[in-house]
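Subject: Structure handover

Hi,

Here is the structure for you to look at. My notes on what was found follow below it.

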Amino acid sequence: MSKQEVQHESRSTRFQQRKLIARTIGDELLLFDEETSTAHCLNGIGAAMWAACEGKGSAASVTDFLRPRWPDIEEEVVWGSLSKLAAAGLLEETTDHEIISTARRELIRKLGFTAAVALPVVIPSVLIPPAASAASCRGLGFACSDIHPCCSGLHCLLLVCQPIG
Amino acid sequence: MRIGIRVTDRLVLESLLSRVPVGWTRLQASGVDRLYSVVTPLVRRRNVRHFCVLYGDHTRLSRTERIEDLLDHFESDLDLHIAANSQDRLFIHAGAVSWKGHTIVIPGRSHTGKTTLVAEFLKSGAAYYSDDFAAVDHTGCLHPYPRDLLVRTESNGSRRVPPEEFRAARAQPGPISLVLLTEYAEDRRWSPSPVSRGQAMLRLLENTPSARKQPAFAIGVLQKAVESAEIHQGWRGEKEQTVQQVVNYLDGWSLT
């Protein structure tokens, strides 16, 4: 993707926060998506970018917002980072008239912009498992069921954990 | 939380009640949050297999000839139900002990060596909070949730070990001092690296059964629970060496 294309994309794209549970933890921001039961933790710069998108923000406006704290940050890097946050489901990404399709976002990614530039945003995420998976596994000879699975090397046969094979 | 229990044999009721978490009280209630039913054979005949059956609401949870298995299943399901639905305590899938007043929490799924470490801490003289679920109140304070330890045997089975077997005292409620994010790995040595509080929160949320159902509550409580805690992350090797290093580290705190 050429620099001109990046600039064109950057200028025509707007980003806005999705409705997520947000908690500030020191410099970091913990976000929880109730739709997908996924939790994310943004580092300081990612948290600032997300905060800057409270209303609809462009890469340029977010860059201006970040400059007092990160004077060297470039608009293209901000645009790539915002796209990354959008790809993680933390921001809604729109142009003036259309919603960016996943295919288009994939195209942007394949064209290599995000891969070629080291983005400062770090987004470790975890999918919160269903409650039943928190149950400890059952050992040999113990009673088992769908919600009480057997430990590895065993399987649940006639509601009792038995060796596989 | 209201739990109903009905049985076909009164003697079984006492055994079931011995598996209910301490502090329960008897209520007169028309409705319950979960109803357990235990059907045991009334008459025993020769050459006939006699099964005990456990239901949780309308679901059959266990069918076994050994009442001990049924009781284990009851206890495990009850703990999970409480952990997933409690609104006044947050339950983390974690072992927890106290070393000279310093509270240590070891979150993790099955087979990460949680119980192994808890047992080793108890052998070393730590006080006991819990083996499987750590209970935290809305101020972030950890409370005991004492259960027998489910220690794995070499034959891939499990053995219940009461904490009294380690002569462990019951720990007093208190703030969390240290969170250990660790798993066993052969030929490794406990050499923890610092981890950010936010990333630790992700790991704790992953091990919180009610996180999907009440995320705002879970996040709020976890945030308070870890706000003054140190968080150490890394692979661990043998349990003896790991526990010794951790208690030495905590003893260093006491000296400063």
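B:Val53 stands opposite B:Arg63, a residue of strand β4(B). Strands here are DSSP runs of E with at least two residues, helices are runs of H or I with at least four, and both are numbered from the N terminus. Two strands count as paired if DSSP finds at least two bridges between them.

A word on the source: this is a predicted model, where local features need pLDDT of at least 70, side-chain atom pairs count only at pLDDT 80 or more, and totals for chains, interfaces and linings use all residues. Residues are numbered from 1 along each chain as its sequence is written, while chains are lettered from A and ligands numbered from 1 in the order in which they are written.

Now the sheet. Four strands of chain B form an open sheet in the order β1-β2-β3-β4, with mixed pairing. Its edges are β1 (3-7) and β4 (59-64) of chain B, each pairing on one side only. From one strand to the next, the twist averages 15°.

Next, the helices. Helix α1 (residues 10-17) of chain B lies across β1 and β2 (34-39) of chain B, at about 150° to β1(B). Helix α2 (residues 67-85) of chain B lies across β1, β2, β3 and β4 of chain B, at about 150° to β4(B). Axes are lines fitted to C-alpha atoms, for helices over the stretch in contact (C-beta atoms, placed from the backbone, within 7 Å). Angles run from 0 to 180 degrees between N-to-C directions.

Best wishes

Note on methods
Two residues are in contact if their C-beta atoms, placed from the backbone, lie within 7 Å.
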